[in-house]
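Thanks, everyone. I have a few minutes on one structure, so please look at the sequence and the model as I go.

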Amino acid sequence: MAQAMIALLDAFEKRMTVTDEHEDITRIRHRSADASMGFGLIAVLMVVFTGASVLLPGFVLLAFGGLAGIGVYRASGTTMSRWFTVWSALLTVLGVVALIVANQIAG
């Protein structure tokens, strides 16, 4: 039973490693994560210092996008890093769209 569990964990570890990603793509993914983390930090500071309640959903999405950007660096070298890049970019774009829509609605 223990050997089967070890074999399963080894197979999972091999599946999680990134094989053959070009250095430029890694750099682009890290720059995208940097931008998401920057937007997230600005969003958190805006909420703390201004307390903009109407724009709160957009700020929350931007903050979550920044948190997912941290995962790009934390999971570096695995396929999860690619997923964190997608989540980070998606949440950041949704946050910006939510801020634009809320600003238009609020007048």
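A search of the whole structure finds three salt bridges. Before I take them in turn, note that this is a predicted model.

Start with arginine 27. Which residues does arginine 27 form a salt bridge with? One is glutamate 23, where the closest N and O atoms are 2.9 Å apart. The other is aspartate 24, with the closest N and O atoms 3.0 Å apart. Glu23, Asp24 and Arg27 are therefore linked in a network of salt bridges.

The spacing along the chain is worth a look. Arginine 27 and glutamate 23 are four residues apart in helix 2, so about one helical turn separates them. Arginine 27 and aspartate 24 are three residues apart in that helix, which again comes to about one helical turn. In general, an α-helix has 3.6 residues a turn, so residues three or four places apart point the same way. Side chains of opposite charge can pair when their charged atoms come close.

How open is this network to the outside? Glutamate 23 counts as exposed because its relative accessibility is 55%, and the cut-off for exposed is over 50%. Arginine 27, at 37%, counts as partly exposed. Aspartate 24 is also partly exposed, at 39%.

The remaining bridge joins arginine 31 and aspartate 34, with 3.9 Å between the closest N and O atoms. The cut-off for a salt bridge is 4 Å, so this pair falls within it. Both residues lie in helix 2, three residues apart, about one turn of the helix. Arginine 31 is exposed, with a relative accessible area of 54%, while aspartate 34 is partly exposed at 32%.

Now the helix itself. Helix 2 has 28 residues and reaches 40 Å from its first C-alpha to its last, close to the 40 Å expected at 1.5 Å a residue. Which of its residues are buried? They are Arg29, His30, Ala33, Ser36, Gly40 and Ala43. What do the buried residues of helix 2 pack against? They pack against helix 3, residues 56-74, and helix 4, residues 79-106. After helix 2 comes glycine 51, with a positive phi near 65°.

Helix 2, residues 23-50, also holds valine 44. Valine 44 counts as partly exposed, at 41% relative accessibility. Together with Leu41, Leu45, Val48 and Phe49, Val44 makes a nonpolar surface patch of about 520 Å².

Last, the aromatic side chains. The structure holds two aromatic pairs. In one, the ring centres of tryptophan 83 and tryptophan 87 are 6.4 Å apart and the planes are at 35°, so the pair is tilted. These two tryptophans both lie in helix 4, four residues apart, about one turn of the helix. The other pair is phenylalanine 84 with tryptophan 87, and this one is edge-to-face, at 5.2 Å centre to centre with 90° between the planes. Phenylalanine 84 and tryptophan 87 also both lie in helix 4, three residues apart.

Ring pairs link Trp83, Phe84 and Trp87 into a cluster.

Definitions and conventions:
Residues numbered from 1 in each chain as written. Predicted model: local features only at pLDDT ≥ 70, side-chain atom pairs only at ≥ 80, totals over all residues. Heavy atoms only, no water. Patch = residues over 30% accessible without salt bridge, like charges linked within 9 Å, V, L, I, M, F, W, Y side chains within 5 Å. Areas by Shrake-Rupley, 256 points an atom, 1.4 Å probe, with all protein chains shown as cover. Salt bridge = Lys/Arg side-chain N within 4 Å of Asp/Glu carboxyl O. Buried < 20%, exposed > 50% of the residue type's maximum accessible area, 1.4 Å probe, protein only. Expected span 1.5 Å × (residues − 1). Contact = heavy atoms within 4.5 Å. Phe/Tyr/Trp six-rings, centres within 6.5 Å; stacked < 30°, edge-to-face > 60°.
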